[in-house]
Amino acid sequence: MYALAIIRYRRPIEEVLTHYEAHRAYLQQLKKDGVLVASGPLEPRFGGALLLRVPDKAAQEAMDRVRDNDPYWKAGVAQYELLGWNVKTGRDDLDRA
């Protein structure tokens, strides 16, 4: 299963950016672990989005774990909207990514 995480900043961008390096390192680890497929900031820059690969069973727990371990979340500078996504069209392409 896949999931979308929409991240919205709750603090001024200057405060968010003080946690940027830790957030990026966290995302790189998620990518290395095979959880993160893609990520990037939204335009205009009020937050970002993550495309996640999560297990079919315990998907919500996996999504919660991604959120709970993000330095942005821990610092209280961002909120998460977590959406499970049952991809139909393009699933094979994502599975190869």
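I began with the lining of the largest pocket, whose residues divide into 8 nonpolar, 5 polar and 2 charged, where Ala, Val, Leu, Ile, Met, Phe, Trp, Tyr, Cys and Pro count as nonpolar, Asp, Glu, Lys and Arg as charged, and the others, Gly among them, as polar. The model is predicted, so local features need pLDDT of at least 70 and side-chain atom pairs count only at pLDDT 80 or more, while totals for chains, interfaces and linings use all residues. I number residues from 1 along each chain as its sequence is written, and side-chain values use heavy atoms, with hydrogens and water left out.

I then looked up which residues of this lining lie nearest the centre of the pocket, and found Y9, H23, L27, G40 and P41 among its 15 residues. A pocket here is an open set of points on a 1 Å grid over the protein atoms alone, where a 1.4 Å probe fits, with protein on both sides within 12 Å along at least five of seven lines, and lining residues have an atom within 4 Å of a point.

Next I turned to I7, which lies in strand 1, a DSSP run of E of at least two residues, numbered from the N terminus. I7 counts as buried because its relative accessibility is 2%, the limit being under 20% relative accessible area with a 1.4 Å probe and protein chains only. I noted that I7 and E81 are 74 residues apart in sequence, yet 6.5 Å apart in space, C-alpha to C-alpha.

Finally I checked Y80, which touches A5, I6, I7, L50, V66, R67, D70 and W73, not counting residues up to four places away in sequence, with contact meaning heavy atoms within 4.5 Å.

Technical notes. Helix = DSSP H or I, 4+ residues; strand = E, 2+ residues; numbered from the N terminus. Buried < 20%, exposed > 50% of the residue type's maximum accessible area, 1.4 Å probe, protein only.
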